[in-house]
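Please have a look at the structure before I go on.

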Amino acid sequence: MRPSSQQVADYQQNGFVHLPGVVDAARLGELVAQLQAVVLEVGHTDSTWQGKWRQRYTDSERFTLKTVDKLARRSAFWKTWLSSREMLDPIEALGGKPMQLADAMLLMKPPETGQAFPPHQDAAYYAANQPEYIIATLHLDATTTENGALRFLPGSHTQGLLEHNRKGKAHLPAVDIAELVEVPAQPGDLVCCSIYTVHGSLPNRSPAPRAIVRIGYQPA
């Protein structure tokens, strides 16, 4: 499913865009089943962020975050799908050129204790010199304010890499997460952003897990 011209324009202007229903229910079921097999084999990694930024949140000492990295190396099914036209078509429409898979990671916020993410740019961690790098977030669960939907700062991708506080995990203490635009999404939706777009999310306070797969694409 290729994004509309308006969605492409929104991405170019704001640095992020919500693409509903890119992955249908049948395909999502296959992907989740394969992902569950990977988790059973390798388990989750505890990837909880540390730092003083946590102090603004009640019960932040209980924050947890579970991840599984390198999905394309761990599952042949995921590797094939991540580089299929089903995924490359929308990404290449946003980027305006041929793109290729860079990496993919499962991020799961456990029920009630799933950590918040303070405002930051992913370029503070990787691909800092790749302004055309696109992050596509595949939603495995519906996201809401309660469970920590993604939030973005419109237009922030035009500023390049900003100076981050790197104590604990790199973040932008001068940016209030309440000022970011929340983008709730449904299972099968993609939410895409630039490597330079400032984003974050609130904790998961809901009784259910909130899982996404973060996928990186770079120019081929």
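Lysine 97 has a relative accessible area of 31%, and because that value falls between the 20% and 50% limits, the residue counts as partly exposed. Bear in mind throughout that this is a predicted model. The partner of lysine 97 is glutamate 132, and the two side chains meet in a salt bridge at 2.6 Å, N to O. This pair links distant parts of the chain, 35 residues apart: lysine 97 lies in the loop between helix 5 (85-95) and strand 4 (99-109), while glutamate 132 lies in the loop between strand 5 (117-120) and strand 6 (134-139). Glutamate 132, at 38% relative accessibility, is likewise partly exposed.

Turning to another pair, arginine 151 forms a salt bridge with glutamate 182, with 3.1 Å between the closest N and O atoms. Here too distant parts of the chain are linked, since arginine 151 belongs to strand 7 (residues 150-152) and glutamate 182 to strand 8 (residues 181-182), 31 residues apart. Is arginine 151 buried or exposed? With a relative accessible area of 11%, arginine 151 is buried, whereas glutamate 182, at 24%, is partly exposed.

There is also a network, in which salt bridges that share partners join Arg27, Glu30 and Glu86.

Lastly, arginine 74 pairs with aspartate 69, the closest N and O atoms of this salt bridge being 2.7 Å apart. Arginine 74 is partly exposed at 35% relative accessibility, and aspartate 69 is partly exposed at 25%. In total, the structure holds nine salt bridges.

Conventions:
Residues numbered from 1 in each chain as written. Predicted model: local features only at pLDDT ≥ 70, side-chain atom pairs only at ≥ 80, totals over all residues. Heavy atoms only, no water. Salt bridge = Lys/Arg side-chain N within 4 Å of Asp/Glu carboxyl O. Buried < 20%, exposed > 50% of the residue type's maximum accessible area, 1.4 Å probe, protein only. Helix = DSSP H or I, 4+ residues; strand = E, 2+ residues; numbered from the N terminus.
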